[in-house]
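Subject: Structure handover

Hello,

Here is the structure for you to look over.

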Amino acid sequence: MKHSAIEKMSLRLTRLRTDKNRKRWTSQTCHQAPHKPFLLLAIMDHFAQGFITENFIEPAFDLVDTFNHYWQVIMPIGTRSTMAYPFPRLQNDGILQLIPNPEFNGKINIESITSMKKLRQVCIGARLDNELFFLFSQPGSREQLRAAIINHYFSEAIRQAVAECGIVNIKSYEYSQELLKVSEKPSLFKAADEVTQNIKIRDQGFRKAIVRLYEHRCALCGIRMMTPEGHTVVEAAHIKPWSESHDDSPTNGMSLCRLCHWSFDEGLMSVGSDYEVLVSKRVATENNYPGHIFTLSDRVIFKPEGETFWPGQKNLAWHRDKIFTK
Ligand SMILES: [Zn+2]
């Protein structure tokens, strides 16, 4: 009985209405737009992470981030898309049912939704088809449906990469949770574990933990910018590089905007023993560096709420000593 329910659902999930313009979509994605498959895979990853426990799918940053991750890994470099395409349009396949935003008056016109801003204006989220919610909630049936989607919508050559993307999403989240544990020391990866998949899990997990702790804000200049499409200006930076420290603890990280990250790694900026921003004199004397960096001197950096996660003074001292040029 249960077996046939999975088979029936596999059939439904492999008959989604997709754009089949052969000029636009290559054989890699079986000449179809991959938006809906990517979104379903991202939703499954969130079930696996324990994010989704009741039948409500919120178009929140984390889901957008997971969707974007599939796109970045699988699709050609430089191409972009938005979750605003597949999210409402899965309603046309009977997979999702949008829940209107009470503040939005009028009838939802699905075809008019082309940005996350618009999507959030018209709906607060969506409910999954009840049967699908049930099947996604169980690891066994969820993984069977994942395999059905991957086999149907992606060429043999890239199936493994798509599957690996899901593994990295799930494991990097677990790793980020591990890094954010307060009571016990996180179990960290060792240098010997540096196979490609572990490097990806480490990178993603470290980024998730740090960016969350700093609420997407740059520790040095305080800038916080996030587009509705889930792109954020900050990156997770190691204070003492991984290659030297093998340390992903939050005390060896800061979230930094791209300019501050580059300046920090180049030794143009550092952090003092009172958590004040230090700016190299080179910034003032060499006039090709942006002058506004200098105005940050002596300002206290932005730190996470819990003191246990503040940048470690030992790590900062290492950076001042080895990287920073006064
Ligand atoms: Zn910055």
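Two residues are in contact here if their C-beta atoms, placed from the backbone, lie within 7 Å. Keep that in mind for the contact lists below. Please also note that this is a predicted model.

**Overall layout**

The protein chain has 326 residues, and buried residues make up 36% of them. Its secondary structure comes to 13 helices and 6 strands. Along the principal axes, the C-alpha atoms fill a box of roughly 70 × 45 × 40 Å.

The chain is divided into two domains: domain 1 covers 2–175 and domain 2 covers 217–322. Their C-alpha centres lie 35 Å apart.

Take the contacts between residues at least 6 apart in sequence: 67% of them join residues at least 24 apart.

Start with phenylalanine 154. It lies in the loop between α7 (139–153) and α8. Is phenylalanine 154 buried or exposed? The cut-off for buried is 20 or more other C-beta atoms within 10 Å. Phenylalanine 154 has 22 such neighbours, so it counts as buried.

What does phenylalanine 154 touch, leaving aside neighbours within four places in sequence? Its contacts are Gln28, Thr29, Cys30, Arg159 and Val162. Serine 112 is 42 residues away along the chain, and its C-alpha atom is 28 Å from that of phenylalanine 154.

Valine 162 is the next one to look at. It is found in helix α8. Not counting residues up to four places away in sequence, valine 162 touches Ile74, Ile150 and Phe154. Asparagine 151 is 11 residues from valine 162 along the chain, with 10.0 Å between their C-alpha atoms.

**Helix α2 and its partners**

Helix α2 (residues 35–48) packs with helix α3 (residues 61–74). The angle is about 125°, and the axes are 9 Å apart. The two helices are therefore oblique to each other. Their crossing is right-handed. On the α2 side, the contact uses Phe38, Leu39, Leu41, Ala42, Asp45 and His46. On the α3 side, it uses Leu63, Thr66, Phe67, Tyr70 and Trp71. By class, that gives 8 nonpolar, 2 polar and 1 charged residues.

α2 also packs with α7, at an angle of about 160° and with axes 11 Å apart. How are α2 and α7 oriented to each other? Angles over 145 degrees count as roughly antiparallel, so α2 and α7 are roughly antiparallel to each other. α2 passes α7 in a left-handed crossing. From α2 come Pro37, Leu40, Leu41, Met44 and Phe47. They meet Arg142, Arg146, Ile149 and Tyr153 in α7. This contact has 7 nonpolar, no polar and 2 charged residues. Leu41 of α2 is listed in the contact with α3 and also in the contact with α7.

**Helices α8 and α9**

Helix α8 (residues 156–179) packs with helix α9 (residues 196–213). The angle is about 50°, with the axes 7 Å apart. That makes α8 oblique to α9. α8 passes α9 in a right-handed crossing. α8 contributes Glu164, Val168, Lys171, Ser172, Tyr173, Tyr175, Ser176 and Leu179. α9 contributes Gln197, Lys200, Ile201, Arg202, Gln204, Gly205, Phe206, Lys208 and Ala209. The class count for this contact is 7 nonpolar, 5 polar and 5 charged residues.

**Two residues with positive phi**

Glutamate 215 has a phi near 50°, a positive value in a residue other than glycine. It is found in the loop between α9 and β3 (234–238). Glutamate 215 is partly exposed, with 13 other C-beta atoms within 10 Å.

Aspartate 298 also has a positive phi, about 70°, although it is not a glycine. It lies in the loop between α12 (281–285) and α13 (313–322). Is aspartate 298 buried or exposed? Aspartate 298 has 11, so it counts as exposed.

Best wishes

Key: Residues numbered from 1 in each chain as written. Predicted model: local features only at pLDDT ≥ 70, side-chain atom pairs only at ≥ 80, totals over all residues. Domains from an automatic or database assignment. Axes fitted to C-alpha atoms, helices over the stretch in contact; angles between N-to-C directions. Helix = DSSP H or I, 4+ residues; strand = E, 2+ residues; numbered from the N terminus. Parallel < 35°, antiparallel > 145°, perpendicular 65-115°, else oblique. Left-handed = near helix turned anticlockwise from the far one by under 90°. Nonpolar A, V, L, I, M, F, W, Y, C, P; charged D, E, K, R; others polar. Buried ≥ 20, exposed ≤ 12 C-beta atoms within 10 Å, placed from the backbone.
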